[in-house]
Amino acid sequence: MALNSSLVRFISAPIPPSRRPLLVRASASSAVPRARFSARSSESTTVQQLQRPLAEYMSLPASQYSVLDAERIERVDDNTFRCYVYRFKFFAFEVCPVLVVRVEEEPYGCCIRLLSCRLEGSPIVVAQNEKFSASMVNRISCNKRLSSNSSSQQLTTDTTIEVIIEIPFAFRAIPVGAIESAGTQVLEQLLRLMLPRFLRQLEKDYQAWASGDTSRQPLGTGKI
């Protein structure tokens, strides 16, 4: 009986803090390395004003523009559009972003905001759809200090884009800094190529609108 009583007291006795086992909780989300890509760029161009001033064109409803730079644009509602962007290479993989954007009217221009982004392309690219987030804001404006009677106007686009992605296992041997540098360079190159083209499209669409060209296709009514 004495032995049993001693055994019970030993088992039920509290463990001193110094002898308690150390419990470590592992968090899968915190252990996954992430890379952040970001870029910002501004472009301006001088537009010759026609009889109908540029400021009047810039105040059109979002659905009347015909300038989002994409292979195909689908209308979601009056201010929201799904854009299938041109394909590009990242490392050895082909990427085609599918963007849902909202066009918001602003004084002397508009603002295009990214609502969501889905990736299409190589299988390893598609597998990242649940493992990244993206944000983009593109503001387009004309110079409010110039009157509608001026022979020319200044058109400006300012774009900021950021992507945060979980680094795929196959790339984890590469330093995060090297991946972020490569990703940022891709975004910067895209902006350098797309913003001047976007302004040319905007100027061309303004000229067509100002001259009453009925062949213009508002957003979401066909392939741009």
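Student: How many of the five residues of strand 3 are buried?

Tutor: Happy to start there. This is a predicted model, in which local features need pLDDT of at least 70 and side-chain atom pairs count only at pLDDT 80 or more, while totals for chains, interfaces and linings use all residues. Residues are numbered from 1 along each chain as its sequence is written, and side-chain values use heavy atoms, with hydrogens and water left out. Helices (H or I, at least four residues) and strands (E, at least two) are DSSP runs numbered from the N terminus, and buried means under 20% relative accessible area, exposed over 50%, partly exposed in between (1.4 Å probe, protein chains only). Strand 3, residues 80–84, is mostly covered, and its buried residues number four.

Student: Which residue of strand 5 is the bridge partner of Phe-81?

Tutor: Two strands pair if DSSP finds at least two bridges between them. Strand 3 runs antiparallel to strand 2 (residues 72–75) with four bridges, and there Phe-81 partners Arg-75. Strand 3 also runs antiparallel to strand 5 (residues 93–106), with five bridges. In strand 5, the partner of Phe-81 is Val-101.

Student: Which residue's backbone oxygen does the side chain of Gln-153 reach?

Tutor: Gln-153 lies in strand 8, residues 152–166, and its relative accessible area of 2% makes it buried. A polar contact is a pair of N or O atoms within 3.5 Å; within protein, one must be able to donate a hydrogen and the other to accept it, and residues adjacent in sequence count only if both atoms are side-chain atoms. At 2.9 Å, the side chain of Gln-153 reaches the backbone oxygen of Asn-143.

Student: What distance does helix 5 reach from its first C-alpha to its last?

Tutor: The expected span of a helix is 1.5 Å times one less than its number of residues. Helix 5 (residues 176–210) has 35 residues, for which 51 Å is expected. The model comes close to that, with a reach of 50 Å.

Student: How many aromatic pairs are there, and what is the arrangement of Tyr-57 and Tyr-206?

Tutor: Rings of Phe, Tyr and Trp (its six-membered ring) pair if their centres lie within 6.5 Å; planes under 30 degrees apart count as stacked, over 60 as edge-to-face and the rest as tilted. That rule gives three aromatic pairs. The ring centres of Tyr-57 and Tyr-206 are 5.7 Å apart and their planes stand at 65°, so this pair is edge-to-face.

Student: Which residue lies over the face of Trp-209?

Tutor: A charge sits over a ring if NZ of Lys or CZ of Arg is within 6 Å of the ring centre and within 35 degrees of the ring normal. Trp-209 counts as buried at 9% relative accessibility. Over its face, at 3.9 Å from the ring centre, lies Arg-52.
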